[in-house]
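User: I would like to go through this model and ask what stands behind the labels given to its parts. Please set each value against its cut-off.

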Amino acid sequence: MSLSHLDIAKFLPHRPPFLMVDHVLSIDDEHVSTSFTIKPDCIFNENGVFNEAGLVENAAQTCSSIVGKSFFNEDDIEGKGTKLIGFISAIKKVSIKSCPKVGNKIVTSATLKSRFDTDEYSICTINCIITLEHIELLSCELNLVIQELK
């Protein structure tokens with residue numbers, strides 16, 4: 001399936017100005033890669049720089065799509081079948097080396113480390129790296145809770 005026309009906003013509960021992912025570059029059950037171009041009006045900008053909180057939020061939104069994807073039917077490319085809510089339950093490790101500037105396009109890659117599912121929710125641990133032109137900006141390990149709204 002081509003991801004070029006996928007509207008990520010239909011699959012994440014976030015909306016502008018809090019949506020920190022533009023495009024899904026690749027996704028499967030254990031890995032996801034996304035891109036995000038930092039716009040001048042982004043709420044996480046400080047003096048022309050995308051701040052640390054913005055980097056962590058971008059990582060969390062990217063990471064949530066790995067587990068969130070399993071709540072949707074494969075043929076639901078419009079995201080109409082399910083509404084999800086998710087949150088960071090723990091930041092286990094984080095290393096921020098640099099913050100990108102407004103106008104930069106960052107690429108975020110995440111890999112599922114562990115996952116526990118119940119009838120009510122999924123808890124997962126995910127490793128994530130954000131890069132700018134192949135230079136690492138952030139690496140982290142997050143715990144997320146994802147739940148379907150019924």
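Analyst: This is a predicted model.

User: What makes E141 and K92 a salt bridge?

Analyst: The closest N and O atoms of E141 and K92 are 3.9 Å apart. The cut-off is within 4 Å, so the pair counts as a salt bridge. E141 lies in strand β8 and K92 in strand β5, so the pair ties together parts that are 49 residues apart in sequence.

User: Is E141 itself buried or exposed?

Analyst: E141 is buried, because its relative accessibility is 6% and the limit for buried is under 20%.

User: Which other salt bridge does E141 form with a lysine, K113?

Analyst: In the bridge between E141 and K113, the closest N and O atoms are 2.9 Å apart. K113 lies in strand β6 and E141 in strand β8, so this pair ties together parts 28 residues apart in sequence. K113 counts as exposed because its relative accessibility is 52%, and the label needs over 50%. Through shared partners, K92, K113 and E141 are joined into one network.

User: What does the salt bridge between K39 and D22 tie together?

Analyst: K39 forms a salt bridge with D22, with the closest N and O atoms 2.9 Å apart. K39 lies in the loop between β2 and β3, and D22 in the segment before β1, so parts 17 residues apart in sequence are tied together. K39 has a relative accessible area of 34% and is partly exposed; D22, at 22%, is partly exposed as well.

User: How do you know that β1 and β2 are paired?

Analyst: Pairing needs at least two bridges. Four bridges join β1 to β2, so the strands pair, and they run antiparallel. V24 stands opposite T34 in β2. The two strands form a hairpin with three residues between them.

User: Which residues have the most contacts inside the largest nonpolar core?

Analyst: They are F50, I106 and I126, in a core of 30 residues. Helix α1 gives the most to this core, with seven residues.

Key:
Residues numbered from 1 in each chain as written. Predicted model: local features only at pLDDT ≥ 70, side-chain atom pairs only at ≥ 80, totals over all residues. Heavy atoms only, no water. Core = buried A, V, L, I, M, F, W, Y, C linked by side-chain atoms within 4.5 Å. Buried < 20%, exposed > 50% of the residue type's maximum accessible area, 1.4 Å probe, protein only. Salt bridge = Lys/Arg side-chain N within 4 Å of Asp/Glu carboxyl O.
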